[in-house]
Amino acid sequence: MSSLSLTKPPIINKTDSLIQACTKVIKQRSASYHIPGHKGHKQFNHFLANGQSYDLTELVGLDDLYHPQSTIKKIETAVSSKFGSLESIISTNGASSLIIASLIELAKFGTKVIVPVNSHISVINALVLTGLEPIWLEPDYDENWNLYTTINITNLQNTLINNRNQQIAGLIITSPTYAGDISNIAQIAQICHEANIYLIVDESHGSHLLFNGYSELSSLKTTAHIVIHSLHKTLSALTQAACLHINQKLPFNAIDLKNNLKLISTSSPSYLIMLSIEESLKKLNLENFISVNNIQTEINQNLASIKNIHHYKPNHQIDSWHILIKSNNITSDKLASFLINHGIYPEGLIGNGVLLMLGLGSQNNDSKYLCNALTAFKGSKPQSNSVNPKFNKPLALFNQVMSPRQAYFAKTKTIKVADCLNKISAQNISICPPGIPLIVPGAIITQEIKNNIKDLSIKIVNV
Ligand SMILES: Cc1ncc(COP(=O)(O)O)c(C=O)c1O
């Protein structure tokens, strides 16, 4: 490894404006291991050089996202063709909006939906908005790293058997997870087809899988019904760019999903974001992906030789662009601060680890910056507790006594966290990343949940 100079940490003051704080981060950062995937590099989104001019609205000839006929229609057709779907739609309100739009559709086909407890907060928001009731599903859990991993097939089968008399519309799963764990989607899809329910895959973290040489890991290669991608996470589109793919013949179509999207999205979709989607499609060529795979291989090799650093390598499939590390010598929040002090910005804390995310904008030097810093870290003194204090407990399945919608819209009061034990929550609380819920509306606040809320320094809750 050649040595690269390390920069100083940013000094962000309480009095700084957002632009001042952002400018300091940009100046100090030497390696971006965080979302968005373009990492701020100029080879993407060329129109931003003249961004002010391209910030447009539905002028004559510029088409309409919600009734696309021409230019935007072409983008959606191109997305569908690149990703090999039956139909695709785009959104400028993130994968979150597409998750909600598809659950609104599912609410027409049943009253319940199977929801793994590691689902993104937008799934919980959709339950509040639609009135769909969750049947909670427990994924596998990695005790060592303190995180939910993949869908447990036996749990899923038992859940279906135990709820065979319920009107289940579908199952929504997250794969890859925030840590990169990939479930056996082909098998899950088959189970869903046999049970006659729809499978939605929140593949927000895996838009690159079809293109980086691991296409067999993409749920678009299975019989999953709907697949949702966050195009800004690992590809090069701007933040909030997302798309939804219809992957199987369904009794509803893109127009139905667009109508649902309209219910919950801005009526002024960003042309900058749509342009970035159009441009990101041009970057889906193998060379770009191979260069990121090479960076990942170099990081893998270097990490293996750094003594006090552990790299998350579970037995199941994992996306290689998600790199989760930890040290036995220090808590992950301190490890993350150490990296930031060296100009290396991770995506965040996941379980006991620090998540480093690669994206199309990852640079060759990123690996050297990271590995030099981690090598320098070797000398830290061992600490008694290397677990991240905020993420150290598996959540029990929620004890749902009311539907999320009923609880959210019920007469509620705000109380101190100290008094919330055994009360029914009227709100979502989640930590982002990974944006999975600690408590959901309508579930009982157990001692374990109360402790988790307290650990986040939250003082009041709605019950
Ligand atoms: C698993 C998962 N699903 C959905 C989302 C929402 O994506 P977006 O930011 O595009 O709305 C996120 C965001 O972090 C996520 O981690």
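What is the accessible surface of the protein, and what share of it belongs to carbon and sulfur atoms? The accessible surface comes to about 19,900 Å², with 51% belonging to carbon and sulfur atoms (Shrake-Rupley method, 1.4 Å probe; for residues, only the protein chains shown count as cover). The model is predicted: local features need pLDDT of at least 70, side-chain atom pairs count only at pLDDT 80 or more, and totals for chains, interfaces and linings use all residues. Residues are numbered from 1 along each chain as its sequence is written, and side-chain values use heavy atoms, with hydrogens and water left out.

The protein has 14 helices and 19 strands (DSSP runs, H or I of at least four residues and E of at least two, numbered from the N terminus). Of the 463 residues, 56% are buried (under 20% relative accessible area, 1.4 Å probe, protein chains only).

The ligand is surrounded by 13 residues, the closest being Ala95, Ser96, Asp202, Ser230 and His232 (a heavy atom within 4 Å). Helix H4, residues 94-106, gives the most to this shell, with 4 residues. A polar side-chain atom of Asp202 lies 2.5 Å from a nitrogen atom of the ligand, and a polar side-chain atom of Ser204 lies 3.3 Å from a ligand nitrogen atom. For His232, a side-chain N or O atom is 2.8 Å from an oxygen atom of the ligand. These pairs fall under the polar contact criterion (N or O atoms within 3.5 Å). Taken alone, the ligand exposes 390 Å², of which the protein buries 88%.

Note on methods:
A polar contact is a pair of N or O atoms within 3.5 Å; within protein, one must be able to donate a hydrogen and the other to accept it, and residues adjacent in sequence count only if both atoms are side-chain atoms. Buried means under 20% relative accessible area, exposed over 50%, partly exposed in between (1.4 Å probe, protein chains only).
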